[in-house]
Amino acid sequence: MLVVANQIPGLIERYGITREEADRTAWTIDLDGRRAEGAAAIARVLDVLGGGWRILAMAYRVPPIGRSLDAFYRWFAPRRAKFHRLGVKPEWDD
């Protein structure tokens with residue numbers, strides 16, 4: 001898995017993502033071109049990390065939990081800069 005900041009020139013265009021989409025949510029795009037966004041993308045990353053993280057990723061696949069995580073991510077994403085005290089810092093906010 002390669003993790004890159006979406007601010008790299010030309011990156012989002014290469015993967016067919018708009019600036020608005022990139023700013024709104026986290027994305028994963030696998031080698032086959034399958035995309036996931038938001039909580040689903042985070043679950044994919046946790047699954048790839050393996051170990052105990054994989055258990056958390058599996059929880060996302062349980063429909064009520066997945067829907068709750070999606071709702072939480074939609075609430076959190078536009079407010080993430082406010083959580084800087086917890087170490088959450090947008091890449092563009094130096």
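**Close-up views of a pocket and its helices**

**View 1. A nonpolar lining in the second largest pocket.** In this predicted model, the lining of the second largest pocket divides into 12 nonpolar residues, no polar and no charged. Nonpolar covers Ala, Val, Leu, Ile, Met, Phe, Trp, Tyr, Cys and Pro; charged covers Asp, Glu, Lys and Arg; the others, Gly among them, are polar. The volume is about 190 Å³. A pocket is an open set of points on a 1 Å grid over the protein atoms alone, where a 1.4 Å probe fits, with protein on both sides within 12 Å along at least five of seven lines; lining residues have an atom within 4 Å of a point. The volume is the space filled by probe spheres set on the points.

**View 2. Helices around the second largest pocket.** Among the lining residues are Ala 39, Leu 56, Tyr 73 and Phe 76. α3 (39–49), α4 (52–60) and α5 (63–76) each give two or more residues to the lining. Helices are DSSP runs (H or I, at least four residues), and strands are E runs of at least two, numbered from the N terminus.

Residues are numbered from 1 along each chain. Local features need pLDDT of at least 70.

Methods
Predicted model: local features only at pLDDT ≥ 70, side-chain atom pairs only at ≥ 80, totals over all residues. Heavy atoms only, no water.
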